[in-house]
Structures are given as structure tokens and as C-alpha cells.
Amino acid sequence: MARECALCGKKGQYGAIVSHAHNVTKRKRQPNLHRVWAKIKGRKKRILLCTKCLRSGKIEKA
Ligand SMILES: [Zn+2]
């Protein structure tokens, strides 16, 4: 299962934490994803949505 939003395709962001002493630690930040039942083309489907898409009401909940 891909960890990305089904609507906008938002994915995790990857980077590095670099301390003052230049110790490098890998870091990843995942989007706030939720599994919801949505009505797509008249059919119920369970999709992974980010909270931004959920909040904006882009999908019809089923
Ligand atoms: Zn989204």
C-alpha cells in the first residue's frame, strides 16, 4: 500500500537533520493520512486521503 493521498498524491518528505557538530540523521515526515470510505463514480471505495483533502470536502463520504 502506497503511503500517499489518493486524491492529491501527497507523499512523505525526506531529508536530513544536521546538527551543529554536523551529525547527520535521516528524517522523514509523512502526511496525515486517513482511510475513508468514499463514493467514487457511484461506487463505495476505501481510499487513503490526507487530512487536507478530507477537510476540503473534495470527496463524498459513503
Ligand atoms: Zn490529499
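Modeller: Here it is; this is a predicted model. We can start with histidine 34, which touches Leu49, Thr51 and Leu54 once residues up to four places away in sequence are set aside.

Biologist: Which strand is histidine 34 in?

Modeller: Histidine 34 is in strand 3, which covers residues 33-40.

Biologist: And what is the bridge partner of histidine 34 in strand 4?

Modeller: Leucine 49 is its bridge partner there. Leu49 is also one of the contacts of histidine 34.

Biologist: How many bridges between strand 3 and strand 4?

Modeller: There are 8 bridges, and the two strands run antiparallel.

Biologist: What is the strand order in the sheet?

Modeller: The order is 4-3-5, in an open sheet of 3 strands with antiparallel pairing. Strand 4 (43-50) and strand 5 (60-61) are the edge strands, each pairing on one side only.

Biologist: Back to histidine 34. Why is it called partly exposed?

Modeller: Because it has 13 other C-beta atoms within 10 Å; a residue counts as exposed at 12 or fewer and as buried at 20 or more.

Biologist: How far is histidine 34 from alanine 62?

Modeller: Their C-alpha atoms are separated by 14 Å, and the two residues are 28 apart along the chain.

Biologist: New topic. Which residues make up the largest nonpolar core?

Modeller: That core has 6 residues: Cys5, Ala6, Leu33, Leu49, Cys50 and Cys53.

Biologist: What is leucine 33 in contact with?

Modeller: Ignoring neighbours within four places in sequence, leucine 33 contacts Arg3, Cys5, Leu48, Leu49 and Cys50.

Conventions: Residues are numbered from 1 along each chain as its sequence is written. This is a predicted model: local features need pLDDT of at least 70, side-chain atom pairs count only at pLDDT 80 or more; totals for chains, interfaces and linings use all residues. A nonpolar core is a set of buried Ala, Val, Leu, Ile, Met, Phe, Trp, Tyr and Cys residues joined through C-beta atoms within 7 Å. Two residues are in contact if their C-beta atoms, placed from the backbone, lie within 7 Å. Helices (H or I, at least four residues) and strands (E, at least two) are DSSP runs, numbered from the N terminus. Two strands pair if DSSP finds at least two bridges between them.
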